[in-house]
Amino acid sequence: MTNGHPTREEDFDLYALGVLEGDEKQAIESHMAACSDCARKLAEARGRIAMLSFGAPRVDPSPRVKELVLARVGAEEEGKAPAASRASRPASVVRAGGVFGRWWAAVLVPAGVALALAAIFLWTQNERLNRELADQRQALAALQHELEEARHAADLLAAKDTMVVPLTPMPGMPKGAGRVTCNARMGMLMYDGSLDPAPASKSYQLWLVPMHGDPINAGVFNSKAGKVDHWMMQLPQGVTPKAFAVTLEPAGGMPHPTGPKVLVGTIS
Ligand SMILES: [Zn+2]
């Protein structure tokens, strides 16, 4: 629908229900101002929507109101009917049977359709909004996490006692390189690296080799070709590293290193 008549009949009902929004609403409004045909259709739609209140379960209008509405609709229908059909049969017949039959057809059935349309419209709109809200919440959480990481990384990189340890590849192993940035005082470690994918059913695992004691697990990862692996983690308290190593382990990693070294970096 641009400048022409609304293409969908239900647009009138949706507009009358107040559920059309934005461009659709504006288009129908500006068109309605200039098109008497559509203005009439809208008036009819408004009438149908008004009738919905009489069909709604919790509304129980008095018989007098129903009577008035029936009379009004009847009068309108009679007035609109073509002259020929009106002349062909007595007015009493039109009033008794035809009008009531048409009242159901012209008002109640479209009103039911409009109600169903409106219900479907509102339901889908609600579903869409819920989905959008969930997406936004997820995006916000991801952003907050990234921001927090960026702050930690900035703190880590700015500290004078932070050391950067390059990890170099071992011969005959998957190709790549890595770097550990760590600060024992702050208890922070950051890994950045890029490695060829690990063989099937294997994982890479980064180890912190301390001055004293067993290697400490510092992250299990599965590299993708052309992708950078990056993470930050908390270091155990009071640990002074003397080396870092990436080993090839069974998928999911091991409590202690068991496989060959892929990348190694010692602290001089
Ligand atoms: Zn029109």
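1. Let's start with the Asp-37/Arg-40 pair. In this predicted model, Asp-37 makes a salt bridge to Arg-40, with the closest N and O atoms 3.3 Å apart. The two residues sit 3 residues apart in helix 3, so about one helical turn separates them. Asp-37 is partly exposed, at a relative accessible area of 40%, and Arg-40 is partly exposed too, with 40% relative accessibility.

2. Glu-44 is linked with Asp-37 and Arg-40 in a network of salt bridges.

3. Is Cys-38 buried or exposed? Its relative accessibility comes out at 3%, so Cys-38 counts as buried, the cut-off being under 20%.

4. What does Cys-38 touch, once neighbours within four places in sequence are left aside? The contacts are His-5, Pro-6, Phe-12, His-31 and Met-32. Have a look at His-5 in particular: 33 residues separate His-5 from Cys-38 in sequence, yet their C-alpha atoms are 7.0 Å apart in space.

5. Over to helix 6, residues 91-158, where both Glu-132 and Arg-128 are found. Their side chains meet in a salt bridge, 3.1 Å from N to O. The spacing here is 4 residues, about one turn of the helix. As for accessibility, Glu-132 is partly exposed at 36%, and Arg-128 is likewise partly exposed at 35%.

6. Arg-185 forms a salt bridge with Asp-161, and their closest N and O atoms are 2.5 Å apart. Where do the partners sit? Arg-185 is in the loop between strand 2 (176-183) and strand 3 (188-195), while Asp-161 is in the loop between helix 6 and strand 1 (163-169), so the bridge ties together parts 24 residues apart in sequence.

7. Asp-161, at 40%, counts as partly exposed.

How values were computed: Residues are numbered from 1 along each chain as its sequence is written. This is a predicted model: local features need pLDDT of at least 70, side-chain atom pairs count only at pLDDT 80 or more; totals for chains, interfaces and linings use all residues. Side-chain values use heavy atoms; hydrogens and water are left out. Buried means under 20% relative accessible area, exposed over 50%, partly exposed in between (1.4 Å probe, protein chains only). Contact means heavy atoms within 4.5 Å. A salt bridge is a side-chain nitrogen of Lys or Arg within 4 Å of a carboxyl oxygen of Asp or Glu.
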